[in-house]
Amino acid sequence: MLKFTKQGIYCPRADVYIDPWEPVQNAIVTHGHSDHARWGMGKYLCHIHTVPVLRLRLGADIAIQGLEYGEAVHRNGVRISLHPAGHIIGSAQVRLEYKGEVWVVSGDYKLVHDGVSVPFEALRCHHFVTESTFALPVYRFPDPTLVFSEINRWWAQNAAEGFNTVLLAYALGKSQTILQHLETETGRVFLHGAVANVNAALEGMGYQFPGERIATETDRSSLKGAIVVAPPSALGSPWLRRFSPYRIASCSGWMQLRGARRRRGVDRGFVLSDHADWEQLNQAVSATAAETVYVTHGYEAPFARWLREHKDLQAHEVHLQGAEVMEDDL
Ligand SMILES: [Zn+2]
Ligand SMILES: [Zn+2]
């Protein structure tokens, strides 16, 4: 029912693409990250909470339809529905069913609950298309609740020692998760404009996160002991100077690798990811009971081989053009 084409994952019967990277007429977008949500589609279909994000990132005038999780649309006999992927707010797995045959395209996902996005739903299917960003046994992420307390402890310690705190986290997804778990009695919370813009877009959907947008008139004394949440692109930019003296940390799944922190030039690295680690990927694949698995987005070859040799599945690696991991999405 699905084909892997140079424009993206395509369902010919429904004439719809999933996360296409070239302009097409009908696109289903799994979530708002830039390697999935691209400009130039005739019509967009996504989860309702992704609608304001796509309008913010792709333009207010795009033609877009939002679906609730579990709600279905029918196109030429194909039943299409979106289900929670647990990756970020509004992230969805796409389920397609035609004459009893079921395909699920995971998009990006994780199984651990982040306290913000709707938890991942395991769906049974015949064919499962899975991401594989962290599909190596070396990736075993700690319980995020422990990481949130480490972050809070570090912030309090910095404040006590006379330092401001800067946390680097991508603007859509990880920033909201972190903001949700900050112990705001420690100090004030400030936001880079990119984070503030996403929060403002999500407010219309009923989300509320702490933090004030940094403005040129923000007084330096108000930053004392505060925490600033900014996207990774802020690292090394002159924008950071006003926060001096500060300590800076990165929050990413890659922080698990020794040396990643040093290479990025930060004081601390917190292992926090919106993707599934090795254990979660294996668990997710098993839960689908799929006979055929297509592996995209990351370690396609080793994970497909693992699934063939150890899980006795028909597993194929699929190299989607344009699916390189983005800084936005770690
Ligand atoms: Zn992605
Ligand atoms: Zn993503």
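Select helix H7, residues 300-310: its buried residues are Glu300, Phe303, Ala304, Trp306 and Leu307. Buried means 20 or more other C-beta atoms within 10 Å of the residue's own; exposed means 12 or fewer, partly exposed lies in between, and C-beta atoms are placed from the backbone. Helices (H or I, at least four residues) and strands (E, at least two) are DSSP runs, numbered from the N terminus.

This is a predicted model: local features need pLDDT of at least 70, side-chain atom pairs count only at pLDDT 80 or more, and totals for chains, interfaces and linings use all residues. Residues are numbered from 1 along each chain as its sequence is written, with chains lettered from A and ligands numbered from 1 in the order in which they are written.

Look down the H7 axis.

Next, show the packing partners of the buried residues of H7: strand S11 (127-132), helix H6 (278-288), strand S18 (292-298) and strand S19 (314-317). Then step to aspartate 312, which follows H7 and has a positive phi, near 60°.

Move to strands S12 (164-168) and S16 (246-251). They pair in the parallel sense over five bridges; pairing requires at least two DSSP bridges. Leucine 168 stands opposite serine 250 in S16.

S16 and S17 pair in the parallel sense over three bridges. Here alanine 249 faces arginine 268 in S17.

Conventions:
Two residues are in contact if their C-beta atoms, placed from the backbone, lie within 7 Å.
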